[in-house]
Amino acid sequence: MGINLALVSVAVMLYTCHAGSNLHPLILIPGNGGNQLEARLTAGYKPSSLYCYKRWNPVAPQNKEGWFRLWFDPSVLLAPFTKCFAERMMLYYDSDLDDYRNAPGVETRVPHFGSTQSLLYLDSNLKHITAYMEPLVESLEQIGYVNGETLFGAPYDFRYGLAAEGHPSHVGSKFLQDLKDLIEKASTSNGGKPVILISHSLGGLFALQLLNRNPPSWRKKFVKHFVALSAPWGGTVDEMLTFASGNTLGVPLVEPLLVREEQRSSESNLWLMPNPKLFGREKPLVVTPNATYSASDMVQFLNDIGFPQGVHPYKSRILPLADKLGAPGVPVTCIIGSGVRTAETLFYEKNDFDEQPDIVYGDGDGTVNMVSLLALESLWSEEKNQTLKVIRIPGVSHTSILKNDVALDQIIAEVSGSNSCLEYSVV
C-alpha cells in the first residue's frame, strides 16, 4: 500500500510540474539576423543614389510615423536596392565616443520586445522562406507555453555587440539591461519561478555575458537553466570570409561586394572573429600567395583586406571581451549540429579579396567550426561547480537546429527536464 501511495504521489507531482500554469517561464534570445528591425529616415539621411532617395517597398510600406521594416526587406534581392539597404544598415565607430552608432539620418528600433512575434518570421508576408523560430515556438506551445504569459522573446539590434570592461557599448548594454528586466518580470509574474533561457547562435554570447555580469545570488534566484543552440563561443572562420570578400549568407541574387562594407561595419561581426586561444596561433585560416593568417594575425588581416578602421575597436574592445567566457554557475546545455561541411581554411589564388576564395572544409554545423561549438567543454573542464551538458546532433546545420524534428525533440526534452519534479528529491 505504501508503494502505491508513493507512486501516486510522484504521479501527482509530475502532473503538477507539467501543467501549463506551473511551467518555468522561458525566454528566447535570437541569433544574428534572427529578428526584425525597423528604421526611419530623417533629414540627416543623405542617399548615395536616386534609388535610395525615397523609401519604396510595396510589401513592407512605412507607417504614418515613417517607420518601415529594415530587416528583413525583400528589396535587398534587387541590385539597385541592395546598396540602399546596405547604407541604411551601416554602423560607424566613433573614436571620440569609443562606441558605435547608426548611419547619419537613420533611426532604428526593435519591434515587439518581450514577445515572440518578431522571432517567428523575418517577413510575415513571406512566411515559408523567412520562418525563423516559428517551429520552436510551436513546439513549446504544444507543451503548454503561452506567448506573453510563460513564453517571451528578447529581440535586439544584432548589428551591435558588447565591449570589454572600461569601454562604452550603449546599445548592447541597454539590451542586457532590458533582458535582465524581462527575466525578473517573467519570474515575478510566474510566482517567482526562475527562468529558462534558450538562445540561438550570437544570442548565446549575449546571454552568457548577462549571467557573468550579474552576481551569483541573482543568477541563482532568476535563472533555472541556460540552453544554448549553435553558439559560436569562439567565433568562426566564416566570419573572416565575410570581412574579406562579403557574404550573401545564402540569400539569392545578392552580390557579396555590395554588402561587404555594411558587414564589416557590424560590431557583432567583429565579435565573431576566430578566438586566438581556441583556434590556436599556428593553424592557417586564410592563405594568399603573399601571406598566411591564423587567428592571432587578425590585426594584419584587417589591414590587408583594406579595413584598417576595424583594428582599434578589435584590439581594444573585442579581443579582451572574447576571453570572457567564464562559467556562470547555472546549469548550461549546449545543443549543436555536427558533421556538416564548415569553412576551415580560405585560399585566395591572387592577392585579391574581391574574389571569392577556394574553401577547405572541416567539421561543424555549416557556419560555426567544431572547436568553437565545443569551446566550453575545454574552458570549463576544471569548474567543479558548473553543470555542462553537450548534445551533438549529426547532420543538423546552424539554422536547421530550430526546425529539425530530432533537434526540436532534444530542446523540448531539456525544457521538460527543467520543469520536472524529478530534478528534486522526493521524500
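Helices and sheets

A: Helix H2 (residues 79-89) lies across E2, E3 and E6 and runs at about 90 degrees to E3. Helices (H or I, at least four residues) and strands (E, at least two) are DSSP runs, numbered from the N terminus. Axes are lines fitted to C-alpha atoms, for helices over the stretch in contact, and angles run from 0 to 180 degrees between N-to-C directions. This is a predicted model, in which local features need pLDDT of at least 70 and side-chain atom pairs count only at pLDDT 80 or more, whereas totals for chains, interfaces and linings use all residues. Residues are numbered from 1 along each chain as its sequence is written, and side-chain values use heavy atoms, with hydrogens and water left out.

Q: In what order do the 3 strands of the open sheet come?
A: The order is E3-E2-E6, with antiparallel pairing; two strands pair if DSSP finds at least two bridges between them. Strand E3 (68-71) and strand E6 (106-109) are the edge strands, each pairing on one side only. From one strand to the next, the twist averages 45 degrees.

Q: Which residue in E3 is the bridge partner of Leu 37?
A: That partner is Trp 71. Strand E2 (residues 37-41) and E3 pair in the antiparallel sense over 3 bridges.

Q: Back to H2: at what angle do the axes of H2 and H10 cross?
A: They cross at roughly 5 degrees and come within 8 Å. That makes H2 roughly parallel to H10, since angles under 35 degrees count as roughly parallel, over 145 as roughly antiparallel, 65 to 115 as roughly perpendicular and the rest as oblique.

Q: And which residues of H2 and H10 meet?
A: Ala 79, Thr 82, Phe 85, Ala 86 and Met 89 in H2 meet Leu 258, Val 259 and Glu 262 in H10; contact means heavy atoms within 4.5 Å. By class, this contact has 6 nonpolar, 1 polar and 1 charged residues. Here Ala, Val, Leu, Ile, Met, Phe, Trp, Tyr, Cys and Pro count as nonpolar, Asp, Glu, Lys and Arg as charged, and the others, Gly among them, as polar.

Q: How do the axes of H9 and H10 cross?
A: The axes of helix H9 (residues 238-245) and helix H10 (residues 256-265) cross at roughly 110 degrees and come within 7 Å. H9 is therefore roughly perpendicular to H10.

Q: New topic: is the pairing in the sheet of 6 strands parallel or antiparallel?
A: The pairing is parallel, and this open sheet has the order E7-E1-E8-E9-E12-E15. Its edge strands are strand E7 (151-153) and strand E15 (388-394), and the twist averages 15 degrees from one strand to the next.

Q: What packs on that sheet, touching E7 and E9?
A: Helix H5 (residues 134-142) does, and H5 also touches strand E1 (26-29) and strand E8 (195-200). The direction of H5 makes about 175 degrees with that of E1. Helix H17 (residues 405-418) lies across E1, E8, E9, E12 and E15, running at about 160 degrees to E15.

Q: Where does Asp 94 stand?
A: Asp 94 stands opposite Asp 99 in E5. Strand E4 (residues 91-94) and strand E5 (residues 99-102) pair in the antiparallel sense over 4 bridges. Their hairpin has 4 residues between the strands, and Asp 98 there takes a positive phi near 55 degrees.
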